Amino acid sequence: MAQNTELNKKIAQLDSLFFGAYNTCDTALQRTMYSDKIEFYHDNTGLDTSKNNIIASTGKYICGQVSRELVPGSMEIYPIHDYGAVAIGLHRFKSRSNNNEFSPPFKFIIFWKNTNGKWTIEKVVSLHIATEQ
């Protein structure tokens, strides 16, 4: 994060809250944080616009199997006028089936929409191409 602004603090807090739910299989909280109009772009599986499918996939492929860690200092947050913000950063995943080893860092982009103080995830771009770190 380039600057220690209120927006940066808010988005970092939301990222921590969402991925805390991701890591502990709290799909109910994740459901409340995803927009009903979610667009989830994944480089390996394509576009998914169904919140139900995304939550079901998380339950099937993530819960109890994988946890996510933000690469410290990697998240950049940019305001988007009359919309919210976009967060771009690196994260890595620890796999229980792979001796709890972490993946290389992967890039993510998350669009956060602020509607009267309620922040939701509107778009996600998840890229699983290893980046240099």
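## Basis of the values

The model is predicted, and local features need pLDDT of at least 70, side-chain atom pairs count only at pLDDT 80 or more, and totals for chains, interfaces and linings use all residues. Residues are numbered from 1 along each chain as its sequence is written, and side-chain values use heavy atoms, with hydrogens and water left out.

## The largest pocket

The largest pocket holds about 650 Å³ of space. A pocket here is an open set of points on a 1 Å grid over the protein atoms alone, where a 1.4 Å probe fits and protein lies on both sides within 12 Å along at least five of seven lines. Grid points are joined across faces, edges and corners, and the volume is the space filled by probe spheres set on the points.

The lining comprises 25 residues, and Phe40, His42, Ser57, Thr58 and Ile62 are the ones nearest the centre of the pocket. Lining residues are those with an atom within 4 Å of a point. By type, the lining has 15 nonpolar residues, 9 polar and 1 charged. Ala, Val, Leu, Ile, Met, Phe, Trp, Tyr, Cys and Pro count as nonpolar, Asp, Glu, Lys and Arg as charged, and the others, Gly among them, as polar. At least two lining residues come from each of helix H1 (6-23), strand S1 (34-42), strand S2 (46-48), helix H3 (51-61), strand S5 (84-95), strand S7 (106-115) and strand S8 (118-127). H3 gives the most, with 4 residues. Helices (H or I, at least four residues) and strands (E, at least two) are DSSP runs, numbered from the N terminus.

## Helix H3 and Thr58

The buried residues of H3 are Lys51, Ile54, Ile55 and Thr58. Seen down the helix axis, these residues fall within an arc of 95 degrees, so they line one face of H3. The arc is taken from the directions from the helix axis to the C-beta atoms. Buried means under 20% relative accessible area, exposed over 50%, and partly exposed in between (1.4 Å probe, protein chains only). The cover over the buried residues of H3 includes H1, helix H2 (27-33), S1 and S2.

Thr58, in helix H3, has a relative accessible area of 7% and is therefore buried. Leaving out residues up to four places away in sequence, Thr58 touches Tyr22, Gln30 and Cys63. Contact means heavy atoms within 4.5 Å.

## Helix H1 and Ile11

H1 has 18 residues and should span 26 Å at 1.5 Å a residue; its end C-alpha atoms are 25 Å apart, which agrees. The expected span is 1.5 Å times one less than the number of residues. In H1 the buried residues are Asn8, Ile11, Leu14, Asp15, Phe18, Phe19, Ala21 and Tyr22. They fall within an arc of 165 degrees seen down the axis of H1, so they line one face of the helix. An α-helix has 3.6 residues a turn, so residues three or four places apart point the same way. Just after H1, Cys25 takes a positive phi of about 60 degrees.

Ile11 lies in H1 and is buried, with a relative accessible area of 0%. Apart from residues up to four places away in sequence, Ile11 touches Ile77, Ala85, Ala87, Trp112 and Trp119. The C-alpha atoms of Ile11 and Val86 are separated by 8.7 Å, although the two are 75 residues apart along the chain.

## Phe108 in strand S7

Phe108 is in strand S7 and counts as buried at 2% relative accessibility. Its contacts, leaving aside neighbours within four places in sequence, are Asp15, Arg68, Leu70, Met75, Ala87, Ile88, Gly89, Leu90, His91 and Val125. Phe108 and Tyr22 are 86 residues apart along the chain, and their C-alpha atoms are separated by 15 Å.

## Loop and strand residues

Asn99 and Asn100 both sit in the loop between S5 and strand S6 (101-102). Asn99 has a positive phi near 55 degrees, and Asn100 has a positive phi of about 55 degrees although it is not a glycine. Asn99 is exposed, at 67% relative accessible area, whereas Asn100 is partly exposed, at 44%.

Pro105, in the loop between S6 and S7, counts as buried at 12% relative accessibility. Lys37, in strand S1, is exposed, with a relative accessible area of 67%.
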